[in-house]
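Please prepare a short briefing on the structure shown below.

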Amino acid sequence: MNVFIAGGTSGIGYALARHYLSKGYGVGICGRDLTKIPENDSKDIKAFQTDVCDINALLSTLQSFLVDKNELDIFINCAGSYAEDVAGRISYEEAEEMLQTNILGTVNFFEAARKVMKNQKKGRIAVIASVSGILEYENSSLYTKTKRSVIQIADAYHRALKPFGISVTTIAPGYIDTEKLRQLNQNNLSKKPFLTEVETAVSIISEAIEKQKKLIIFPTKMKWMMKSLSLLPSSLLNIIMFRKAQWMKND
Ligand SMILES: NC(=O)c1ccc[n+]([C@@H]2O[C@H](COP(=O)([O-])OP(=O)(O)OC[C@H]3O[C@@H](n4cnc5c(N)ncnc54)[C@H](OP(=O)(O)O)[C@@H]3O)[C@@H](O)[C@H]2O)c1
């Protein structure tokens with residue numbers, strides 16, 4: 001079995017790469033900065049310096065990975081960019097990188113998957129969105145809006161790829177204890193409810209891909225909280241989410 005993980009140089013993507021390596025899979029990853037990969041792993045995992053925003057680079061990376069392999073069994077997109085605040089309160093550069101990576105990168109990922117897997121007539125694809133993209137509310141950050149788009153894009157490709165025997169799994173996680181989340185929060189995760197360990201996330205994600213689930217929201221408590229919130233009238237939901245954002249930022 002062969003698996004390729006876009007955005008696999010750190011965090012959830014890298015942990016997934018380690019997981020599939022331990023199962024004896026052929027594992028390839030890509031990212032923009034290969035120096036993030038621990039040295040002992042560089043010989044076992046095939047790593048490529050590739051930006052998901054460049055479709056041609058992504059396609060040639062996949063071709064290189066598959067040169068001595070028959071098929072690509074699993075393709076996962078973990079590449080994501082995050083800036084915490086609403087539009088207008090983040091820089092142009094942050095907004096541009098988020099939109100490029102999270103939206104264009106997601107479309108490129110699906111297009112590359114379609115090209116590579118269509119002739120195989122089978123394959124499993126998964127994309128990491130976020131639980132924050134599940135709800136529609138006024139004051140959500142630009143990041144949340146991009147992750148909502150990821151869920152919508154995945155839905156479109158789910159339908160488009162089904163006739164070719166290719167499954168699409170959308171992953172909508174709550175907070176996962178990664179280095180990146182810690183960096184973004186000055187190493188203080190005390191205001192991140194229902195925080196999940198990376199290893200737990202890896203086992204939930206890999207099981208969802210294995211079972212070809214369409215959408216998985218975790219952890220369970222976060223899922224039920226989102227379901228309850230979605231029943232509220234939008235005016236009340238907007239107030240609650242605004243207050244939550246203020247509390248998280250100590251405003
Ligand atoms: N941690 C959480 O609490 C959480 C919760 C919900 C959703 N998520 C989502 O889960 C994914 C992984 O998050 P993480 O916490 O594991 O953060 P992370 O360690 O920063 O992982 C992001 C990965 O994406 C790669 N990447 C970023 N831009 C890229 C680009 N343009 N082209 C190729 N690769 C790119 C990064 O590698 P390079 O820097 O080498 O490019 C890195 O390997 C993200 O999509 C994030 O939005 C995370």
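Asn 2 stands opposite Gly 26 in strand 2, where strands are DSSP runs of E with at least two residues, and helices are runs of H or I with at least four, numbered from the N terminus. Strand 1 (residues 2-6) and strand 2 (residues 26-31) pair in the parallel sense over 5 bridges; two strands count as paired if DSSP finds at least two bridges between them. The model is a predicted one, in which local features need pLDDT of at least 70 and side-chain atom pairs count only at pLDDT 80 or more, while totals for chains, interfaces and linings use all residues. Residues are numbered from 1 along each chain as its sequence is written, and side-chain values use heavy atoms, with hydrogens and water left out.

- The open sheet is formed by 7 strands in the order 3-2-1-4-5-6-7, with parallel pairing.
- Strand 3 (46-49) and strand 7 (215-218) stand at the edges with a single partner strand each, so one side of each is left without a neighbour in the sheet.
- From one strand to the next, the twist averages 15 degrees (axes are lines fitted to C-alpha atoms, for helices over the stretch in contact, and angles run from 0 to 180 degrees between N-to-C directions).

**Helices on the sheet**
- Helix 1 packs on the sheet and touches strand 1, strand 2 and strand 4 (74-77), contact meaning heavy atoms within 4.5 Å.
- The direction of helix 1 makes about 170 degrees with that of strand 1.
- Helix 3 (residues 92-117) lies across strand 4, strand 5 (123-128) and strand 6 (166-173), and runs at about 175 degrees to strand 5.

**Ligand site**
- The ligand is surrounded by 29 residues, each with a heavy atom within 4 Å of it; the closest are Ser 10, Arg 32, Lys 36, Tyr 143 and Thr 178.
- Helix 1 (11-22), helix 4 (142-161) and helix 5 (179-184) each supply at least two residues of this shell.
- An N or O atom in the side chain of Ser 10 is 2.7 Å from an oxygen atom of the ligand, and an N or O atom in the side chain of Tyr 143 is 2.7 Å from an oxygen atom of the ligand.
- A nitrogen atom of the ligand lies 2.9 Å from a backbone N or O atom of Val 52.

**Backbone geometry**
- The peptide bond from Phe 218 to Pro 219 is cis, with omega near 0 degrees, and Pro 219 lies in the loop between strand 7 and helix 7 (220-230).
- Phe 194, in the loop between helix 5 and helix 6 (198-210), has a positive phi of about 55 degrees although it is not a glycine.

Key: A polar contact is a pair of N or O atoms within 3.5 Å; within protein, one must be able to donate a hydrogen and the other to accept it, and residues adjacent in sequence count only if both atoms are side-chain atoms.
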